[in-house]
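Please look at the sequence and the 3D structure first.

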Amino acid sequence: MLIRPRSRHTEPPWLRFTIILVAASFVAVLVLLPVIAVFSEALRKGLAVYAASITDHDALSALRLTLLTAAISVTANLVFGLAASWAIAKFDFPGKSTLLSLIDLPFAVSPVISGLVFVLLFGAQGFFGQWLIDHNVQIVFAEPGVILATIFVTFPFVARELIPLMQEQGTEEEEAAVLLGARGWQVFRRVTLPNIRWALLYGVVLCNARAMGEFGAVSVVSGHIRGRTNTLPLHVEILYNEYNFRAAFAVASLLTLLAVVTLIVKTLLEWKTRADERPLMLEKQ
Amino acid sequence: MAQAGTAIEARRVSRTFGSWPALRDVSLAVNHGELVALLGPSGSGKTTLLRIIAGLEQPDPHPETAVFINGVDISRQRPDERRVGFVFQHYALFRHMSVFENIAFGLRVRPKNTRPIEKEIRRRVGELLELIQLGRWANQYPSQLSGGQRQRVALARALAIEPNVLLLDEPFGALDARVRQELRRWLRALHARIPVTSVLVTHDQEEALEVADRVAVMNEGRIEQFGTPDEVFHHPASEFVVTFLGNVNLFHGRVESGKAVIGRLAVDASRALPANGDSARVFVRPHELDIEVHQTNGASVRARVLRIQSAGSLVRVELTPEDDEALGAEDTINVELTHERYRELAIHNGDSVFVRLRDARVFLEDYTI
Amino acid sequence: MSPARQHTVIPGFGLTLGYTLTYLSLIVLIPLAALVVKGTAQSWAHFSDAAFDPRTLAAWRLTFATAFIASAINAVFGLIVAWALARYEFPGRRMLDALIDLPFALPTAVSGIALTAIYSQNGWIGRLLEPLGIKAAYSPLGIVIALTFIGLPFIVRSVQPAIEDLDAAVEEAAVLLGATRWQTLRRVILPALQPALVAGFATAFARALGEYGSVIFISGNMPMKTEIASLLIVTRLEQFDYPGAAAIALLMLVSSFVVLFAVNAGQWWAARRRQGRMA
């Protein structure tokens, strides 16, 4: 992508001003306002109530489950992302575009359906329902179900960042490394990984944000059992439905902070990858 | 079994991509310390052959197909064991490593028992940096180097592992003309110092003829001729070779009494011409023709001077034949004269002169290798 | 020894492809297959009872209508926002750019309760709308607002790079040939942006069809009035009617795919026509 100078406007200044004003207002009202509202509502009854809400036992338990789910989902999808992008970018085989569409599939699926499919597999009336009951294993309405549903929803995030980048980078450096005597893991660790590190981090950050914030899918699978199968977003819902608005917004504010941090890291990484790409473009000339 | 004493031997190698034959039953033997050029147009199969020798690609399976390096069948070795130095056309330098680390790479990834100690690695890399004259650039990154510098680093990286053979895939193709020439000379000097058996792929005939000990001229998946630069240029074995290398004039004639006859010119053929009456194609290089102002014997063609061009050390004269006898020449005849000869003749545009054959090569119409 | 089919020195083909396909099957394909099986294993009577009874039909109408309107709003305003970001310099541009991704990064439950707080009767904006007789929260309007919120990034991030890639020379040529700015916009720029705009619209629309968390708080969830289809799936599940839930889910999935497929096919066909005319 070329860095274009932004001086190419031929609209009259008043029109430019209007467009900017409309754009800024639209985004401010639609997007910024809700963020401010979260904090405003959370702190309305003062700092003490806020602090109590987020250190509440059930809230901490929800936090624990959220962190655990995110850690497992991100790791699993990270490994997958690396394997898939290596297979797709470094080799030629039939059915590649079908594989790419399949990897993107969870993106097109509603969160509720993402949770539903696991209930259909592991719920009491599900395909494995009876077997699970016989062996006293709980997946749905327990932590494993929450984790599985989250893995499903965040499935493509890392792969989507890596695949186009690795395809663009080609295979020559890896070929050169093999001819110079490097073996499989050495090639990956020394040559490929440094070339993809920012995209990898970017994918991990996005995957993590979504894993921690997923609501619909987890809501279907979890059974809403306080203190046991609640993630932070589910806890927000429970508190809200009990009309405990201060606590609900307090916990929501934590999640909002997470989203803001994610956006900051994302912007930094984008800036980093663009800085990395520029000298590479000269190489292609 | 491999031929004794050859450094590289490719035996009956074929490679087909889908339905397109990139290589057709090619055999090649390179001696120790030789620098061989694979020369040909794109699609001739030269890069495919190089990559098969490197082990980057597999030849079509066939009982008699084999590739040996130093007598060892390479298909029995793992790619990382082969000690083949490969220089890519677009360098393939590791973009996130410094120049030093790029060159040191092959040494660093050696298994523990064969890996040199750090001090030794530094020494060797330092030596190579001196050799490629980039000592002061050791800590720079590839993106900070020019194309010519990057290619030198790629070469040093390949040499660092003390390879059995050095394979170069159009190494100077991506560089501009001046840099290409300098690097060509530099490569030749380097090869004199470190005589690793080398194979160079190029489409630039000047490069091949200048740098190589022997040249394999390739076309459409076959080797048309394999010989010294002198042999391929002055004694081309086929029509393709003579047209690919250097400029050439083409005359159409017929076989009569064992010679190729063009109008009033008769040419001895390089081989016996069996059939009278067959059409023959006669190839003459511009410097093999001479111009006379007056006809000395009957064996010359009348022509009119169209253009005279002074080109460096030679003078190029473009003429068009004026004979009413069907000469069968193309519209223009190109002759190269030395400045001395040109001054002797004192000819000008529009002059009517005579073109005489000094030497020529004849190929029959259906000449195939 | 490299396997016969692989003519490359790069290692790891078998391992990585094998792992990829296995993981893909386990996590994505098998669960989705379960949905298809459960959904189609029931009698047509039961299927249509779940998928087409009056309450569900009302939910379908509401879901499609609100998704469409929200995506249309985003198409217009998203284009304006993308244009401002891509073409103009102004203070706060970078912050605006970062804000666009917020609906994507924010958990849907948080967006849900925040939007409700703002647009309910006592909320900052709800308060302003009430005297005008406009009820934002607990009405279809609220649903549209929520869907607009979550759909914005899809359109902007689709159109923005397309604007950045516009060829300056083409616009300059139009001006030199005498076109006014408006004509250039209508005849040159918008047609060039159309594929990105349509793709963004389709993605936002498909996403809005299945949206749950950000909508259920602000909608009020009144059956026949403000109940969305995804909520019906949850309701059926809570009643242990797995086949019914699967039926609705299957229909929803199929409609998302149809939308995305139709749009892709349309783009491909339009591109071919364009090439055909120029050939």
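Glu175(A), Arg15(B), Arg51(B), Glu57(B) and Asp60(B) are linked in a network of salt bridges (a salt bridge is a side-chain nitrogen of Lys or Arg within 4 Å of a carboxyl oxygen of Asp or Glu). This is a predicted model, in which local features need pLDDT of at least 70, side-chain atom pairs count only at pLDDT 80 or more, and totals for chains, interfaces and linings use all residues. Residues are numbered from 1 along each chain as its sequence is written, chains are lettered from A and ligands numbered from 1 in the order in which they are written, and side-chain values use heavy atoms, with hydrogens and water left out.

**Salt bridges**

- Over all chains, the count comes to 47 salt bridges.
- One of the links in chain B joins the side chains of Arg15(B) and Glu57(B), at 3.7 Å from N to O.
- Arg15(B) lies in strand β1 (residues 6-17) and Glu57(B) in the loop between α1 (46-54) and β4 (66-69) of chain B, so this pair ties together parts that are 42 residues apart in sequence (helices, H or I with at least four residues, and strands, E with at least two, are DSSP runs numbered from the N terminus).
- Arg15(B) counts as buried at 7% relative accessibility, and Glu57(B) counts as buried at 13% (buried means under 20% relative accessible area, exposed over 50%, and partly exposed in between, with a 1.4 Å probe and protein chains only).
- In chain C, Arg181(C) forms a salt bridge with Glu171(C), and their closest N and O atoms are 3.3 Å apart.
- Arg181(C) is in helix α10 (residues 181-210) and Glu171(C) in helix α9 (residues 168-176) of chain C, so the pair ties together parts that are ten residues apart in sequence.
- Arg181(C) is buried at 18% relative accessible area, and Glu171(C) is buried at 7%.
- A salt bridge also joins Lys266(A) to Asp101(C), with the closest N and O atoms 2.5 Å apart.
- That pair crosses between chains, from helix α13 of chain A to the loop between α4 (93-100) and α5 of chain C.
- Both Lys266(A) and Asp101(C) are buried.

**Cavities**

- There are ten cavities of 30 Å³ or more in the structure (a cavity is a set of points, on a 1 Å grid over the protein atoms alone, where a 1.4 Å probe fits but cannot get out, and lining residues have an atom within 4 Å of a point).
- The largest cavity holds about 120 Å³ of space.
- Its lining has 15 residues, and those closest to its centre are Arg210(A), Leu106(C), Pro107(C), Thr108(C) and Arg207(C).
- The second largest cavity holds about 80 Å³.
- Among the residues that line the second largest cavity are Lys266(A), Asp101(C), Arg210(A) and Phe157(A).
- Two or more residues of that lining come from each of α10 and α13 (245-283) of chain A and α5 of chain C.

**Chain A: fold and surface**

- Chain A has 13 helices and zero strands.
- Its C-alpha trace spans about 65 × 65 × 30 Å along the principal axes.
- Of the 285 residues in chain A, 53% are buried.
- Arg160(A) sits in helix α8 (residues 157-169) of chain A and counts as partly exposed at 38% relative accessibility.
- Between Arg160(A) and Lys266(A) there are 106 residues of separation in sequence and 15 Å in space, C-alpha to C-alpha.
- Phe128(A) is found in the loop between α5 (111-122) and α6 (129-134) of chain A, and at 40% relative accessibility it counts as partly exposed.

Terms used: 1 Å grid on protein atoms, 1.4 Å probe; cavity = no way out; pocket = protein on both sides within 12 Å on 5 of 7 lines; lining within 4 Å. Points joined across faces, edges and corners; volume = space filled by probe spheres on them.
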